[in-house]
Amino acid sequence: MTSSRRWGRWAWVRRCGVYLLGSLLSGVATVLALPLLCIPGPSRLWADWHRYRAGRLLGAPFASRPALRATGRRARADSATVRTSRALLWLPANALAGVVFGLPALLCTGNIVVALIATPLWWAFRPEDRPRLFIDVPVTGWATALTLGPLQILLLTGLAYVGFAPIARAHARICLVVLSHSTNDELAERVAVLTRTRADVLDAHGAELRRIERDLHDGTQARLVAIAMRLAVARQAFSDNPRDEQFVEGLLREAHEGTEEAMTELREVIRSVYPPILADRGLDGALTAVATGCGVPTRLDIGDLERVPPAVEAVVYFTVAEALTNVTRHSQATAAGVRVSRTADRLSVVITDNGTGGADDRRGTGIAGIRRRVLALDGTVEVDSPAGGPTAITVELPCGW
Amino acid sequence: MRVVIAEDNVLLSTGLELLLGRAGFQIAAVAEDAAGFLTAVREHRPDVTIVDVRLPPSFRDEGIRAALQARREHPGLPVLVLSQYVEQQYAAELLSTTGGGVGYLLKDRVSRVDGFVDALRRVAAGGTAMDAEVIAQLVQRAGDPIAALTPREREVLALMAQGHDNNAIATQLVITDNAVHKHIGNIFAKLGLAVTDSGHRRVLAVLAYLNAGGQMSGR
């Protein structure tokens, strides 16, 4: 073993010793502060801290959240419940493990310190208070001091050298076993989150289909029926009396106007299902069109988005279009900005303006509409718009499917 | 007048052939995609072309790109673009190419035969035919300066931007030529635009003004 590696080993032993003494202290502290630590918040912080130091000791990655972030309110509540119950379980475990694993470390370190003091300074103590080596052997002369003292130091140091690391690792492992999400827990939680968000998405999807069905049924279809009836009557009138031109002409005009209205309505329905410009030019081109079409000068900043699911693209498009319409109509802003960026599994959209602020869900349907669409995809909407401005609307959407 | 059409939907292309044939146009060719359209234009040198925005294979904006390319290859080629929806971005792109008539209309407009044929003739003659919805989008965007106009002046502005001349505006609004002339004078004064002649350049000036979001100063 080279000297540097030996020094490395000693530093490691010291670190394990500090860890074990810390565990002992925290075990005692857990007992003393038990009422406070039974509150979910502090107990989770206390547990997180232990998991952090145990993870660091073992070189394990520290993950305070499950792999899939729970974003729905209910899913977050579930996740919090699991974490709280584990944090509460950690309280007795910590007290017990801290004392059982920490006490040997304390005894070992303490007795080394005792020997270090006793060997050179045994004579400074009064006869009845003479320090004891090997637990019960009082030091009464240089002979005992110089033999037993170094022996005790040597023995205990050797013990620490050999024992501290495995004991500390054992403690850290217990800590992680109690506090970490097991694979099963993690999977169960993922399933719970996915089940919820999937149900929400299906609900929203169903509602959207019903809306489209209603629009087509009440609008376009009804108009086509009306047109067909007028044409039928016109044909009949024409065959009955070809000279009744005025009547036939009136019917044809109404039928013609009906087709135009039907086309206009159909266009609106199509636009609300999937914006045509998005199909033509993709998110980048569609947002460019919206930004250049905005009455307020708008700076557009689109990062590297890679592949974005069409449903997410549509929501981003509607969000930006709706938000910029609000900027033009209500904000009196002179400049606006749109920033779209992506981190691993989230797409974030920030729309800002330097207007008068005061935007909220109640004013107009703009923000409520954005919220409805974004929540349907399990995303989040934050509106920061103090009176007097400026306004920032931040939308985050999961897109790691 | 010879026409080349780029339209992949048979229902629509036969409809257009029927309608244009009755109006006295001669259909030189009907292409089903962008490449076919460009070939047909090279071959037939038509007086005017009609292009659908969405064409095979990807049904995105091939029509716009084909129209722009055809105008690059044949400067001054009149192009009327038809679409199921209007997008002022496309209008801006079409207007950015210089020389020759340009039109951009909703497909719905085809059903108003007279208006559609009139628009096609205007484009063939080097004029402009912008859909009322494009103009509405642009006017809405221009905001404040437009708000200073009276409702009647706004109507005149919209019709002028669509590419109509004084006569047509007077007929549509049922007012005299003189009144139209006065309204136009007021509009240009309020928007700070220099009055140009009543032709295509005037339309372009108004469209450029609207396209710039009403930010442009008078020239």
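## Pairing in the sheet of chain B

Two strands are taken as paired if DSSP finds at least two bridges between them. In this predicted model, strand 3 (residues 48-52) and strand 4 (residues 79-83) of chain B are joined by four bridges in the parallel sense, and within that pair B:D52 has B:L82 of strand 4 of chain B opposite it. The two strands belong to an open sheet of six strands in chain B, ordered 2-1-3-4-5-6, in which the pairing is parallel. Strand 2 (26-31) and strand 6 (128-130) of chain B each have a single partner strand, so one side of each is left without a neighbour in the sheet. From one strand to the next the twist averages 20°.

Helices pack on this sheet as well. Helix 2 (residues 34-44) of chain B touches strand 1 (2-6), strand 2 and strand 3 of chain B, and its direction makes about 165° with that of strand 1 of chain B. Helix 3 (residues 62-73) of chain B touches strand 1, strand 3 and strand 4 of chain B, with an angle of about 175° between its direction and that of strand 4 of chain B.

## The sheet of chain A

The secondary structure of chain A amounts to ten helices and seven strands, and five of the strands form an open sheet in the order 3-4-5-7-6, with mixed pairing. The edges are held by strand 3 (298-302) and strand 6 (380-384) of chain A, each of which has a single partner strand, so that one side of each lacks a neighbour in the sheet. Here the twist from one strand to the next averages 10°.

Helix 8 of chain A packs on this sheet by touching strand 3 and strand 4 (336-343) of chain A, and its direction makes about 170° with that of strand 3 of chain A. Strand 6 of chain A runs antiparallel to strand 7 (residues 391-398) of chain A, the two being joined by five bridges; A:T380 has A:E396 as its bridge partner in strand 7 of chain A. Across strand 6 and strand 7 of chain A lies helix 10 (residues 366-376) of chain A, which runs at about 155° to strand 6 of chain A.

## Cores and burial

The largest nonpolar core has 68 residues, and those with the most contacts inside it are B:L80, B:V81, B:Y104 and B:A161. At least three residues of this core come from each of domain 1 (2-130) and domain 2 (134-211) of chain B. Leaving aside residues up to four places away in sequence, B:Y104 touches several residues, including B:V81, B:V86, B:M130 and B:V134. Another core lies apart, with 37 residues, among them A:A289, A:A291, A:L377 and A:I393.

B:R122, in helix 5 (residues 113-124) of chain B, is buried because 24 other C-beta atoms lie within 10 Å, where the cut-off for burial is 20 or more. Beyond residues up to four places away in sequence, B:R122 touches B:G101, B:G127, B:A129 and B:G163. In chain A, buried residues make up 29% of the 401 residues.

## The contact between the chains

Chain A contributes 16 residues to the contact and chain B contributes 13 residues. On the side of chain A that touches chain B, the elements giving two or more residues are helix 7 (245-273) and helix 8 (276-293) of chain A, and helix 8 of chain A gives the most, with eight residues. The residues on this side of chain A comprise five nonpolar, six polar and five charged.

Notes: Residues are numbered from 1 along each chain as its sequence is written. Chains are lettered from A and ligands numbered from 1 in the order in which they are written. This is a predicted model: local features need pLDDT of at least 70, side-chain atom pairs count only at pLDDT 80 or more; totals for chains, interfaces and linings use all residues. Two residues are in contact if their C-beta atoms, placed from the backbone, lie within 7 Å. Ala, Val, Leu, Ile, Met, Phe, Trp, Tyr, Cys and Pro count as nonpolar, Asp, Glu, Lys and Arg as charged, and the others, Gly among them, as polar. Axes are lines fitted to C-alpha atoms, for helices over the stretch in contact, and angles run from 0 to 180 degrees between N-to-C directions. A nonpolar core is a set of buried Ala, Val, Leu, Ile, Met, Phe, Trp, Tyr and Cys residues joined through C-beta atoms within 7 Å. A residue is buried if 20 or more other C-beta atoms lie within 10 Å of its own, exposed if 12 or fewer, and partly exposed in between; C-beta atoms are placed from the backbone. Domain bounds come from an automatic or database domain assignment.
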